[in-house]
Amino acid sequence: MSNRTFTMIKPDATSKAYTGAILNQILEAGFTIKAMKWTRLTPEQAGQFYDIHRERPFFGELVDFMSSGPIVAAILEKENAVADFRTLIGATNPAQAAEGTIRKKYAASVGENAVHGSDSDENAQIEGSFFFSGLERF
Ligand code: CMP
């Protein structure tokens, strides 16, 4: 079991100025930041990141949304990071997310759901490497 996960604060949340509150909730839950950047994906980069969803009906919408504004990308560390972070953010669809979770508090819809969290140790490694070189993680 790895102690790292990868997250993005998505364009809906950065545009509503939720970035600080979301980062605060992540830190208060015991995660430490190992790498972080404020950036914006091109449509091509968003498509590459979410390549696993290319055949899904929502892929075009997902790419448009994820390239629509700035994001915060980060690698986070904590014991049991992948599972604990998914608990912290709540279900993909905020309507089904538990009370107090980041998506319940800050997400508007299943598409615009405020944050991403890796779904496995393997994907946490792949996704972190998509954004950060070895020199940018500590
Ligand atoms: P995320 O955890 O970043 O991983 C894949 C993303 O696809 C997901 O969050 C949602 O933003 C998006 N997504 C999943 N299901 C749907 C859906 N039914 N309609 C629109 N977007 C979706």
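**View 1. A backbone atom of Val110 faces the ligand.** In this predicted model, a backbone N or O atom of Val110 sits 3.3 Å from an oxygen atom of the ligand. Side chains reach the ligand too. In Tyr50, a side-chain N or O atom is 2.6 Å from a ligand oxygen, and for His116 the corresponding distance is 2.8 Å. On its own the ligand would expose 450 Å², and the protein buries 80% of that area.

**View 2. Welcome to the shell around the ligand.** Here you can find the residues that surround the ligand, among them Lys10, His53, Phe58, Glu61 and Leu62. Thr92, Arg103, Gly111 and Asn113 also belong to this surrounding group. By type, the shell holds four nonpolar, five polar and three charged residues. The ligand takes up the space of the largest pocket.

**View 3. Glu77 and Lys34 join two strands.** Side chains of opposite charge can pair when their charged atoms come close. In this view, the side chains of Glu77 and Lys34 form a salt bridge, with 3.7 Å from N to O. Look for Glu77 in strand E3 (residues 71-77) and Lys34 in strand E2 (residues 32-39); the pair links distant parts of the chain, 43 residues apart.

**View 4. Glu136 meets Lys37 in another salt bridge.** The N to O distance between these two side chains is 3.4 Å. Glu136 lies in the segment after helix H7 (121-131) and Lys37 in strand E2, so this pair ties together parts that are 99 residues apart in sequence.

Note on methods: Residues numbered from 1 in each chain as written. Predicted model: local features only at pLDDT ≥ 70, side-chain atom pairs only at ≥ 80, totals over all residues. Heavy atoms only, no water. Near = heavy atom within 4 Å. Polar contact = N/O pair within 3.5 Å; in protein donor to acceptor, adjacent residues only side chain to side chain. Areas by Shrake-Rupley, 256 points an atom, 1.4 Å probe, with all protein chains shown as cover. 1 Å grid on protein atoms, 1.4 Å probe; cavity = no way out; pocket = protein on both sides within 12 Å on 5 of 7 lines; lining within 4 Å. Sits in = over half its atoms within 2 Å of the grid points. Nonpolar A, V, L, I, M, F, W, Y, C, P; charged D, E, K, R; others polar. Salt bridge = Lys/Arg side-chain N within 4 Å of Asp/Glu carboxyl O. Helix = DSSP H or I, 4+ residues; strand = E, 2+ residues; numbered from the N terminus.
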